[in-house]
Amino acid sequence: AYMLPVLTSLIKQGLNAPPRSPLALCVAPTRELAKQIYIEARKFSDHTPIKVCVCYGGVSVPYQASQLERGCHFLVGTPGRLQDFVSREKIYLGSIQHLILDEADRMLDLGFGPDIHKLIEESNMTAKESRQTLMFSATFPDEIQHLAGSFLKPDYLFLAVGRVGGTNLDITQHVITVNGSEKRDKLHEILSATGTDRTLVFVELKRVADFLAAWLSQNNFPTTSISSDRCQSEREAALRDFRDGRANILVATSVAARGLDIPNVKHVINYDLPQDIEE
């Protein structure tokens with residue numbers, strides 16, 4: 001929705017910016033989503049003069065900083081690492097022509113809201129009247145829409161495809177009521193019936209993700225897990241194994257709930273009900 005138009009706009013307007021001064025900034029809530037966007041931006045900008053960089057936690061700061069030193073037109077990052085780089089003067093946001101917030105409702109809630117406000121309002125970023133600000137999300141509660149308005153031009157356009165926050169009509173949903181002590185056995189039964197279908201299992205707690213993945217592996221279900229407790233290389237390896245089919249089951253916390261593009265997932269199981277209905 002935004003990648004091709006923004007890249008095309010950058011080329012048409014000219015790529016005149018000093019090093020460490022990107023022309024487009026895309027902010028994502030998780031490292032995994034930031035890396036996914038970065039990979040897609042690299043694909044779309046191939047054989048063009050556009051330089052794409054990414055910055056997120058869990059990876060060497062000197063390495064990411066050295067990439068920025070070589071020039072960056074399109075920067076993808078997570079709020080924490082971006083704020084860190086701005087405070088260390090490793091990046092400057094005064095040349096931003098396009099600001100993109102992916103999974104905008106999550107970016108503007110209480111978890112990331114202060115960081116986003118500081119990044120946009122206190123970092124000498126191009127004023128909203130002089131930049132294009134794009135926000136994308138599958139859910140957009142009224143209070144978040146109101147907050148988003150403070151970062152947008154007064155005449156901004158709100159475009160909704162389908163019903164905001166509505167479920168996909170192509171997905172069949174089932175609710176199965178079981179006692180807490182019977183959940184593992186029921187999960188075993190469901191996975192036995194689905195065979196080798198790629199399945200994503202969501203849990204609330206990080207320790208449950210690791211425990212459940214280990215239990216499933218011991219019961220001959222090739223399983224990996226992802227949560228914020230795992231180091232970045234482990235998280236990337238888990239997603240790679242799931243995408244490539246080495247593990248057809250991924251047990252995850254909400255870190256994998258937003259924006260990830262994983263093809264051919266046949267089943268999504270909420271082993272635990274999320275605390276937040278928007279999740």
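A residue counts as buried under 20% relative accessible area, as exposed over 50%, and as partly exposed in between. The model on screen is predicted, and the tour below moves through it one selection at a time.

**Stop 1: Lys206**

Select Lys206, which sits in helix α9. Its relative accessible area is 34%, so Lys206 is partly exposed. Next, show what surrounds the residue. Setting aside residues within four places in sequence, Lys206 is in contact with Ser227, Ser228, Asp229 and Thr253. Lys206 and Ser192 are separated by 14 residues in sequence, and their C-alpha atoms are 24 Å apart in space.

**Stop 2: Ser227**

From Lys206, go to one of its contacts, Ser227. Ser227 is found in the loop that runs between β7 (223-226) and α10 (232-244). Is Ser227 buried or exposed? With 0% relative accessibility, Ser227 counts as buried. If residues up to four places away in sequence are not counted, Ser227 touches Lys206, Arg235, Thr253 and Val255. Keep Val255 displayed for the next stop.

**Stop 3: Thr30**

Which residues does Thr30 contact, leaving aside its neighbours within four places in sequence? They are Thr78 and Val255. Val255 is also among the residues that Ser227 touches. Thr30 itself belongs to the loop between β1 (24-27) and α2 (31-44). Its relative accessibility is 7%, and Thr30 therefore counts as buried.

**Stop 4: the two domains**

Zoom out and colour the chain by domain. Domain 1 covers 2-151 and domain 2 covers 182-270. The C-alpha centres of domain 1 and domain 2 are 29 Å apart. To see where they meet, select the contacting residues on each side: 15 residues of domain 1 are in contact with twelve residues of domain 2.

**Stop 5: helices α8 and α9**

Now select residues 183-194, helix α8, together with residues 206-218, helix α9. Two packed helices are described by the angle between their axes and the distance between the axes. Here the axes come within 12 Å and cross at roughly 50 degrees. That angle makes α8 oblique to α9. The crossing of these two helices is right-handed.

Show the side chains of the residues that make this contact:

- from α8: Arg184, Leu187, His188 and Leu191
- from α9: Phe211, Leu212, Trp215 and Leu216

By type, the residues of the contact between α8 and α9 divide into six nonpolar, one polar and one charged.

**Stop 6**

The tour ends with two asparagines in loops. Follow the chain out of α9 to Asn220, in the loop between α9 and β7. Asn220 is not a glycine, yet its phi is positive, at about 70 degrees. Its relative accessibility of 70% means that Asn220 counts as exposed.

Then select Asn264, in the loop between β8 (249-252) and β9 (265-270). What is the phi of Asn264? The value is positive, about 60 degrees, although Asn264 is not a glycine. Because its relative accessibility is 55%, Asn264 counts as exposed.

How values were computed. Residues numbered from 1 in each chain as written. Predicted model: local features only at pLDDT ≥ 70, side-chain atom pairs only at ≥ 80, totals over all residues. Heavy atoms only, no water. Helix = DSSP H or I, 4+ residues; strand = E, 2+ residues; numbered from the N terminus. Buried < 20%, exposed > 50% of the residue type's maximum accessible area, 1.4 Å probe, protein only. Contact = heavy atoms within 4.5 Å. Axes fitted to C-alpha atoms, helices over the stretch in contact; angles between N-to-C directions. Parallel < 35°, antiparallel > 145°, perpendicular 65-115°, else oblique. Left-handed = near helix turned anticlockwise from the far one by under 90°. Nonpolar A, V, L, I, M, F, W, Y, C, P; charged D, E, K, R; others polar. Domains from an automatic or database assignment.
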